[in-house]
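Subject: Structure handover

Hello,

Here is the structure I promised to pass on. Please open it first, then read my notes below.

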Amino acid sequence: MAALPDRQARAANASPPPRSFGEEGARLSYGDYLRLKDLLAQQAPQSGASDELLFITIHQVYELWFKLLLHELERIRDAMIEGALWRARHLFRRVHAVERVLVEQVQVLETMTPQDFLEFRSVLAPASGFQSVQFRELEFLSGAKDEAYLGRLRDADDAELARLRRRLAEPTLWDAYLTALSQRGLAVSDEEIMDSLLAVARDRGSYDDLWELAEDLLTHDETTAHWRMRHVQMVERQIGTKSGTGGSSGAPYLRGRTRMQFFPLLWELRAWL
Ligand code: HEM
Ligand SMILES: N[C@@H](CC(=O)c1ccccc1NC=O)C(=O)O
């Protein structure tokens, strides 16, 4: 291999310095690429209350993360069906990291006092988190399909309803995990599934990838439950025992939701080990 020219030799060559990577076309700027004009025009407080910008910003950030989570969880599901378990595991690391951010982010909204929330709470009604289509899509994709929530959406448009109906029809993460198990010769019928999960847990030498994937599913379940618990704590801090703008009992309804599990068999497995 030829030696690299030293600094003096390079200076003597006197050719112009190379342009930095990608500058040749010079078409995109930071703001164009990220569509910041559009993005930053989307925060439109309805009241004069100072904390409404915080409230809107937080919710929009959640919805952006939900969008990414849906994208990655779909890829995880498809990777499991294709038998590319390494890719599913790789993407689960990203999903878990984002989910931890979602939990951590609650504290930002908790810097708002209930008095300051009350300055604009009445303008929100009857809007509420019930109407988060992406949140419900995440639940459906994870395995908690409950058609009744379609009725709580109020003013969802046709495209949103179609998205939710598609999620109700398509395979869940759990369906995909069962496919991965059966591809390895393990039985997945209702009667046999627990024996198969036990076989995976007891023979890490043969099934370590399937075991670790089940652990990744469980972590997804657990971090989602953490979010639900942090959300209800925040709700109790903000509105106490008041009912919700979306028409539910508020904190009691949300407390009930914290018991939800996407993958109950993975939790039950612990008792059989
Ligand atoms: C001041 C802060 C918040 C309060 C007081 C609050 C209150 C509530 C209440 C009372 C409900 C039950 C529906 C109803 O009757 O209104 C609800 C549901 C929900 N909220 Fe919030 N929320 C807050 C912040 C957030 C944030 C930051 C998110 C993030 C996206 C969020 C997402 C949701 C979702 C997805 C639901 C549906 C939960 C389910 O059905 O399991 N909320 N919220
Ligand atoms: N349900 C809340 C209001 C609320 O938090 C909210 C209102 C409109 C859009 C998103 C919301 N966030 C989560 O429920 C309440 O009862 O105060």
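Start with the ligand. Helix 12 gives the most to the shell around ligand 1, with 5 residues. Helices here are DSSP runs (H or I, at least four residues), numbered from the N terminus.

This is a predicted model: local features need pLDDT of at least 70, side-chain atom pairs count only at pLDDT 80 or more, and totals for chains, interfaces and linings use all residues. Residues are numbered from 1 along each chain as its sequence is written, while chains are lettered from A and ligands numbered from 1 in the order in which they are written.

In total, 24 residues surround ligand 1 (C-beta atom, placed from the backbone, within 6 Å). The closest are Ser128, Gly129, Gly244, Gly246 and Ser248. Helix 4, helix 12 (204–239) and helix 13 (251–257) each give two or more residues to this shell. By class, the shell has 11 nonpolar, 12 polar and 1 charged residues. Ala, Val, Leu, Ile, Met, Phe, Trp, Tyr, Cys and Pro count as nonpolar, Asp, Glu, Lys and Arg as charged, and the others, Gly among them, as polar.

Now the helix pair. The axes of helix 4 (residues 52–82) and helix 8 (residues 133–142) come within 9 Å and cross at roughly 25°. Axes are lines fitted to C-alpha atoms over the stretch in contact, with angles from 0 to 180 degrees between N-to-C directions. Helix 4 and helix 8 are therefore roughly parallel (under 35 degrees).

On confidence, the protein averages a pLDDT of 94 (the predictor's confidence in each residue, from 0 to 100). The complex gets an ipTM of 0.99 and a pTM of 0.93 from the predictor.

Best wishes

Note on methods: Angles under 35 degrees count as roughly parallel, over 145 as roughly antiparallel, 65 to 115 as roughly perpendicular and the rest as oblique.
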